[in-house]
Amino acid sequence: MKVFRKTGARRGRMSLSAMWRVFPVALGLWWSPGAAAIAGQDFAGAAEQERYRVLIEELRCPQCQNQNLAASDAPVAADLRKEVLRLMREGRSDTEIIDFLVDRYGDFVLYRPRWQSATYLLWLGPGALLVVAGLTVVLVVSRQRRAHPTAGLDEAARETLTRLLDETGDNRLDDRR
Amino acid sequence: MARIKLFVPLFIFVALAALLYFGLGRDPRELPSALVGRPVPAFALPSLRDGKPLDATLFRGGPRLLNVWGTWCGACRDEHPFLIRLAGMGVPIVGLDYKDDPVAARRWLVDMGDPYQEVIADQDGRLSLDLGVYGAPETYVVDGAGIIRYRHVGVLNEQVWRERMEPVYREWEAR
């Protein structure tokens, strides 16, 4: 919250418009889950920081049910963040870093499952289900069309019906058409 | 035939419900260990007791348990009496003191009893990270060749031992 203090010291108090300008920035800092994880580190440059952020946001904390390394307060997440940075500085590639963690903690740490025999169903299942459902709909509809090619009333039937309705004094069929 | 087709959606529903039901019964906290079937990672760390250097040759000659603990870990306190019972039954246990203060750890062993054959002091957590430890306590069954055969995350108690670990341990003991 340096922004507030600096501005406040210079102008005594912050104008409403200045506050509105700062608000989204402050919100962004507070909201982004990795902010705390990144704030505690010194980076060699923006590129390193960005690479680190992407990595720790994509890796899952082994101790938590649904938090990435960036968002977790668990001690093991802090250790693994440190480890990721250490490996980055050793010059390892992203794939090597991810392999390193999978070697130790298993596929659990991956938020994006790998393409392997155990995950074929996971990757292809939804698409396959959609295709099957689509085909079923097409099949059912086309079969119904074939079974009742003249669904609705043909001309002759319509005339008969209109006449009958006229006779009973109820002539709302046209309105309904 | 047409009758049977009518029931297809029901069959699909039942199959899906069964799949999801059994999925619910599984513990999502249990990580399938990446290290089962692989050797204990190489390490060179001091013994907690006397600082003498230890390495993976510790795990040669007969199966044993590797128990990850720390004085900061409340559940380890609950687990400790059972480890002492196991040691009394003649099961060799190697301790791995995970990110701990060695002084406090030594005092813990004096106060509460020492079930361990040897205790590895992993102060910076390097070996624990290589093992994929994500909390304590954790207990591994390591065979006589130093290969990890089973991993249990959480407190090791009578039931876990009898139902899950002992069969693995005995199997490797018999070889």
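Which residues of β6(B) lie on one side, which on the other, and are they buried or exposed? I found Glu138(B), Tyr140(B) and Val142(B) on one side and Thr139(B) and Val141(B) on the other, and all are buried. Buried means that 20 or more other C-beta atoms lie within 10 Å of the residue's own; exposed means 12 or fewer, partly exposed is in between, and the C-beta atoms are placed from the backbone. Strands here are DSSP runs of E with at least two residues, helices are runs of H or I with at least four, and both are numbered from the N terminus.

Some housekeeping before I go on. This is a predicted model, in which local features need pLDDT of at least 70 and side-chain atom pairs count only at pLDDT 80 or more, while totals for chains, interfaces and linings use all residues. Residues are numbered from 1 along each chain as its sequence is written, and chains are lettered from A and ligands numbered from 1 in the order in which they are written.

**Entry: the strand and its partners**

I noted that β6(B) covers residues 138-142 and that 5 of its 5 residues are buried, so the strand is largely enclosed by the rest of the structure. In a regular strand the side chains alternate between the two faces of the sheet.

Next I looked for the neighbours. Strand β3 (residues 64-69) of chain B runs antiparallel to β6(B), joined to it by 5 bridges; two strands count as paired if DSSP finds at least two bridges between them. Arg64(B) stands opposite Val142(B), and Val68(B) stands opposite Glu138(B).

Strand β7 (residues 148-153) of chain B is also antiparallel to β6(B), again with 5 bridges. His152(B) in β7(B) is the bridge partner of Thr139(B). I see a hairpin here: 5 residues sit between β6(B) and β7(B), and Gly146(B) in the turn has a positive phi of about 85°.

**Entry: the whole sheet**

I traced the order of the open sheet as β5-β4-β3-β6-β7 (chain B), 5 strands with mixed pairing. At the edges stand β5 (118-122) and β7 of chain B, each with a single partner strand, so one side of each is left without a neighbour in the sheet. The twist averages 20° from one strand to the next.

Helix α6 (residues 158-174) of chain B lies across β6 and β7 of chain B and runs at about 165° to β7(B). For such angles, axes are lines fitted to C-alpha atoms, for helices over the stretch in contact, and values run from 0 to 180 degrees between N-to-C directions.

**Entry: what Val142(B) touches**

I listed its contacts, leaving out residues up to four places away in sequence: Val40(B), Phe59(B), Pro63(B), Arg64(B), Leu66(B), Ile147(B), Ile148(B) and Arg149(B). A contact means that two C-beta atoms, placed from the backbone, lie within 7 Å.

**Entry: the lead-in to β6(B)**

Pro137(B) is in the loop between α5 (126-131) and β6 of chain B.

**Entry: helix α3(B)**

Where does α3(B) (residues 74-88) kink? The kink, about 35°, is at His80(B), shortly before the proline Pro81(B). The bend is the angle between axes fitted to the seven residues ending at a residue and the seven starting there. The buried residues of α3(B) are Cys76(B), Glu79(B), His80(B), Leu83(B) and Leu86(B). Their cover includes β3, β4 (93-98), α4 (102-112) and α6 of chain B. Just after the helix, Gly90(B) takes a positive phi of about 95°.

I also looked at Lys99(B), in the loop between β4 and α4 of chain B. Its phi is positive, near 45°, and the residue is not a glycine. Lys99(B) counts as partly exposed because it has 19 C-beta neighbours inside 10 Å.

**Entry: chain A**

I counted 9 helices and 0 strands in chain A. Buried residues make up 14% of its 177 residues. Pro75(A) lies in helix α5 (residues 75-89) of chain A, and its C-alpha atom is separated by 62 Å from that of Gln144(A), 69 residues apart along the chain.

Finally, where the chains meet, 11 residues of chain B are in contact with 12 residues of chain A.
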